[in-house]
Amino acid sequence: MGGKCFENSGGGFLYDFGHPLVNRVADSFVKAAGIGALQSTSREAYVTVAGSLDLNSGASSELSNGRNKSFTGLTGATNKESLEAMVKNVGKESMQWGLAAGVYSGLTYGLKEARGAHDWKNSAVAGAMTGVAVALTSEKPSHEHIVQYAITGAAVSTAANIFAGIF
């Protein structure tokens, strides 16, 4: 039941799992997870460099104070602990990006196949469900948090669908 890897020539999927839905979800997940890992790593590198510059100047900035809030565990007690916390945070964030892309891609494909059309309604439903999935990955998801993410996901994906036809 494993996937067959093939050469990606001309915009095809990286893996062939035998079904277009599974191929689309896996491809979106892998690409977005990679982007999420790069984004998280680059943000941590920036925070580290900016924090060390602040320490050299003797000033305490909002960035270094925010670092301790954003990256719990990156307190700098030891390099090993900081590295482990960074890897954990990068992994979590890349999984969230991959989850969002995979859920959204799978839902838009499934709704297109079920309804026979790809329009703003599919985007709104897929965006809302993706927002719920992302909200549920947070530390302590609340009802308000989930609803806010669902509305935001629906609005952003609907706007993207509408503007895609304009530009």
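A surface patch is made of residues with over 30% relative accessible area and no salt bridge, and nonpolar side chains are joined within 5 Å. The exercises below apply this and related ideas to a predicted model.

**Exercise 1.** Determine which residues form a nonpolar patch on the surface, and where Y15 lies.

*Solution.* 
1. The patch consists of Y15, F17, V22 and V30, which together have about 320 Å² of accessible area.
2. Y15 belongs to strand β2, residues 15-16.
3. Y15 has a relative accessible area of 34% and is partly exposed; a member of a patch needs over 30%.

**Exercise 2.** Decide whether the span of helix α3 agrees with its number of residues.

*Solution.* 
1. Helix α3 covers residues 79-115, which is 37 residues.
2. The expected span is 1.5 Å times one less than the number of residues, so for α3 it should be 54 Å.
3. After α3 comes G116, with a positive phi near 80°.

**Exercise 3.** Describe the salt bridge between K31 and D27, and classify both residues as buried, partly exposed or exposed.

*Solution.* 
1. The side chains of K31 and D27 meet at 3.0 Å, N to O; the limit for a salt bridge is 4 Å.
2. Both residues lie in helix α1 (residues 20-57), four residues apart, or about one turn of the helix.
3. An α-helix has 3.6 residues a turn, so residues three or four places apart point the same way.
4. Buried means under 20% relative accessible area; D27, at 8%, is therefore buried.
5. K31, at 43%, is partly exposed.

**Exercise 4.** Identify the parts of the chain that the salt bridge of R43 and E93 links.

*Solution.* 
1. The side chains of R43 and E93 form a salt bridge of 2.7 Å, N to O.
2. This pair links distant parts of the chain, with R43 in helix α1 and E93 in helix α3, 50 residues apart.
3. R43 is partly exposed at 29% relative accessibility, whereas E93 is buried at 15%.

**Exercise 5.** State the surroundings of N122.

*Solution.* 
1. N122 is found in helix α4, residues 120-135.
2. Its relative accessibility is 1%, so N122 counts as buried.
3. Leaving aside residues up to four places away in sequence, N122 touches L111, K112, R115 and A117.
4. The side chains of N122 and R115 are joined by a polar contact of 2.6 Å.

Notes:
Residues are numbered from 1 along each chain as its sequence is written. This is a predicted model: local features need pLDDT of at least 70, side-chain atom pairs count only at pLDDT 80 or more; totals for chains, interfaces and linings use all residues. Side-chain values use heavy atoms; hydrogens and water are left out. Patches are made of residues with over 30% relative accessible area and no salt bridge: like charges are joined within 9 Å, nonpolar side chains (Val, Leu, Ile, Met, Phe, Trp, Tyr) within 5 Å. Accessible areas come from the Shrake-Rupley method with a 1.4 Å probe; for residues, only the protein chains shown count as cover. Helices (H or I, at least four residues) and strands (E, at least two) are DSSP runs, numbered from the N terminus. Buried means under 20% relative accessible area, exposed over 50%, partly exposed in between (1.4 Å probe, protein chains only). A polar contact is a pair of N or O atoms within 3.5 Å; within protein, one must be able to donate a hydrogen and the other to accept it, and residues adjacent in sequence count only if both atoms are side-chain atoms. Contact means heavy atoms within 4.5 Å.
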